[in-house]
Structure formats: C-alpha cells, structure tokens
Amino acid sequence: VPEGAVLLRRRLARAHERAGRPEFGVASAEGECGAGDARVFTLSNGVYGVQCTDSGLFRSSAGGVSVYRGFESPAGPAGLRFEFLDGEGRAAELRPLPASEGGLRFKYRLRGGLLRFDGSRADGFACSLTTGVTASDMAEVRIVELSAPGGLDGALRLSFEPVLARAEDFEAHPAFWRLGLHAEVREGALLIRRLPRQKLASCWLCLASDAPLEYRADASGEALGWLAHPLVTACAPVRTEPGGVFRARFALAFAATEREALDSARRALSCGAGKLADLPSALGALYGADAAARGLPELAARLCFPRVEGGGTARGALWALGVPGDFPIICARVSKDGEDAARAAIARHAILRCCGVRSELVFLTGDGGEYHRDAARAVSRALSAAGLEALYAARAGVYCVGADAEGAVERSAAVVLDARGEPLPSK
C-alpha cells in the first residue's frame, strides 16, 4: 500500500462528512465517443486505479503494479476487452473503436465513480459496458449487457494479458516477466499467481463472474498451469429470447494472498454503486476545489499521451533547474496575487496523481533573486491550504523556477496553463 494511503482515507472520510454524499459526483462527463478532444477517464480508490480512453482502451494498476498490459504498451493495442461471438463464430468487439460502416457507435457517461459505454448498431444489436473500482478492495467491476431484437445465441469473450509487474519493468524485459505466472481454477474463479521476482513480492490476481465461465490462461500449450505465453480468455454462453437482455458481472481483484484475492473478487461481484470509489470528486471536495474535478478527462489524455509542441529541452537543462523531467510537465505561470490559480492547478495535479496519472507541475514564478520570491510564496501557501506541502520538489510533484528558466520549461511542457489555472488548447 503506498505511503500515506491510511492518512488519505481518513481525510477523505472527513471530507465525505463535510460535503455529504449528494455533493459528490462532480467529476462527471458524458458525450459521443470520438467527438471533440481525446479523453482518459480515471477511476481509483487511491491504491487500485483504472484509466480508460474514450476509444475503450484500458489499463489498471494496484499500488504501482500493472495488472494487465494496458494502452501504454508499445507492442500495440492492449487492455481488457470484451467480444460477442455469434453462432457462426464471428466476433464483434464491444468497445468504441473508430466507427466503421455497420459497426457499433458509442456514447460515454461518467458519474459517481461509474464509467458507462452504450453502443448500438443499425440492426438493433446493443451493448452496455460499465466499469467501476471498489472503495475498500483492490478490485475493479465490469458489467456487460447485450440485447438484440431477434434474441442472441452465442458467447461473450473476455480477454487480457496478465502482467503483475511494474509497467516499466515489463516493457523493458517482457520475455523475462512473462515467466513465473501460474494459473488455476478454484471455486469457479480463475487465480493467477506471480512468483516473487527481484524486489516484487508474490501476488495474486482473481477473475470471477456471476456467469458460468470457461477459462484459458495461455495462448499456446495447456490452458492452465505454468504459463509460457500468458493470455487470459474467459467465455460465457449468451442466449436470450427476442427482446431479452443478457447481463453479467465480472470482478478482477489483486491481493497478496490467494484467499484475499478470492474474497475481494466475491465482494466486488456483489458491490453496489454506493460502495464504489469516486476519488476525483472526493478529492475535489477535500481540497475545496470542486471545479478542479471537471475537465480532468481531457487533461489526463494530454498527460497519458504527451505531445511536446516546443521541441523539448535537454534533460540536463531541466536538472539544472531542479526539475527531474521524469514525467510529462504541466507548465503554469503564477504571480504574487495568483494563489487561487495556483490552488486550482495544484488540485488538478494532485487528483490525477492519486488516480495514477503522474506529472510534474512546474510554476513559472518570475521571481528574481533570493529575496524577492513573492510568487513562490503564493505557491507555498496554496500547497499548505490543501495539506500538500509534501509534494513540493517530490517525485511527480510541484516545482518553482525563476524568470530566467521560463523558455526551457515551456519548450518541454505537455500542458500549459493560463493565468486562471486552466489548460490552454493544443496547437
């Protein structure tokens, strides 16, 4: 569990008491998939997090450990995906990829910690995919609904490549990290165990459903046991009468022990909407900046898929300014009277950081010399007001640079904020 998680949970509980549950859900959005700016939706309880693009690509992590190969993988599209197989074995992918003639068209809705995609096709086939993260376990929940005017007769297939390693380690040595995984079925659920490797302790992943599933965990060779080419597929039969609806829930749980993984998955399967995490809204209330929770999907997309429009600056030049440059940079100007704008920028940065989208927030203070640091003091007051003093100069934290360093930072920024702390549009 990351440092500070217990303290964060206590503070969130106090914020919940102050704000009241009806005030939560300000981190909401809805619209047509593929319309307007790219978006990445974040679902998190502070330890387990899911990020999803508006094209339906996912990635998940638990305490810094990647659960399955996600959309950041250079090997190509990945993530957890659902497909419907009709009676003739033809597959229809149930995610909002760029619409093609005769394909599914999707709308999205994010509200109260639930992300829902609704898709429909000209022939009346419709699907709904809902995702959430439980508040008290390291687990995610998926709900799939399928319907067609003439009924359905086929199968629903879920697939993903389990990782159970830190994303940077897996991408650097994928062949090495694909070894050491073992799969078995117990109590109707699929359990995958990662043997301890390097500094990573042994851990477990559990996939469970309220629908009967047929499991396979290897792309070649035996379906279960020690995995040579890890690829999980789980199939559930789908049969409905004309106008009927097929509905199934799936849970994916990460834990340190087998029993804990099984129990977490079972709890997630029966979890109601009131027990799902809505961390962006909760943090917006905690930091006293509810407005900061709005517009997060567009900002997260620019940080997950950074595009440096200024050509970039050599890392050595950033290091000389005290900026590591390990993560995408958010560049913001601040004046001695700009504490409100600094507070809004800090709140957005902190919310996304807690949800697994890391960046470096760099304030251009314009201060000159050691004695005239009024703008830097405004940043310090904004951090103190939010209880985030520990983020100053921390990894993926907040930094201040003087007037002589503005050009170097702006050239390396993935996002530039205006004087009100709002992101400027990409060029």
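Trainee: Which residue lies over the face of Phe-58?
Mentor: Arg-142 does, at 4.0 Å from the ring centre. Bear in mind that this is a predicted model.

Trainee: And what lies over the face of Phe-176?
Mentor: That is Arg-197, and the distance from the ring centre is 4.3 Å.

Trainee: Ring on ring, then. How many aromatic pairs are there in the whole structure?
Mentor: The search finds six. One of them is formed by Phe-82 and Phe-250.

Trainee: What is the geometry of the pair Phe-82 and Phe-250?
Mentor: Tilted, with 55° between the planes and 5.3 Å centre to centre.

Trainee: Where do Phe-82 and Phe-250 lie?
Mentor: Phe-82 is in strand β6, residues 81-85, and Phe-250 is in strand β20, residues 245-255. The pair therefore ties together parts that are 168 residues apart in sequence.

Trainee: Is Phe-82 buried or exposed?
Mentor: Phe-82 counts as buried because its relative accessibility is 4%, under the 20% cut-off. Phe-250 is also buried, at 2%.

Trainee: Different topic. What is the mean pLDDT of the protein?
Mentor: The mean is 84, and 85% of the residues reach 70 or more.

Trainee: Where is the pLDDT below 50?
Mentor: Over residues 1-10, a stretch that has eight contacts in the model beyond near neighbours in sequence. Residues 13-25 are also below 50, and that stretch has 23 such contacts.

Trainee: How should predicted coordinates be read where pLDDT is low?
Mentor: Not in detail.

Key
Residues numbered from 1 in each chain as written. Predicted model: local features only at pLDDT ≥ 70, side-chain atom pairs only at ≥ 80, totals over all residues. Heavy atoms only, no water. pLDDT = per-residue confidence, 0-100. Contact = heavy atoms within 4.5 Å. Phe/Tyr/Trp six-rings, centres within 6.5 Å; stacked < 30°, edge-to-face > 60°. Helix = DSSP H or I, 4+ residues; strand = E, 2+ residues; numbered from the N terminus. Buried < 20%, exposed > 50% of the residue type's maximum accessible area, 1.4 Å probe, protein only. Lys NZ or Arg CZ within 6 Å of the ring centre and 35° of its normal.
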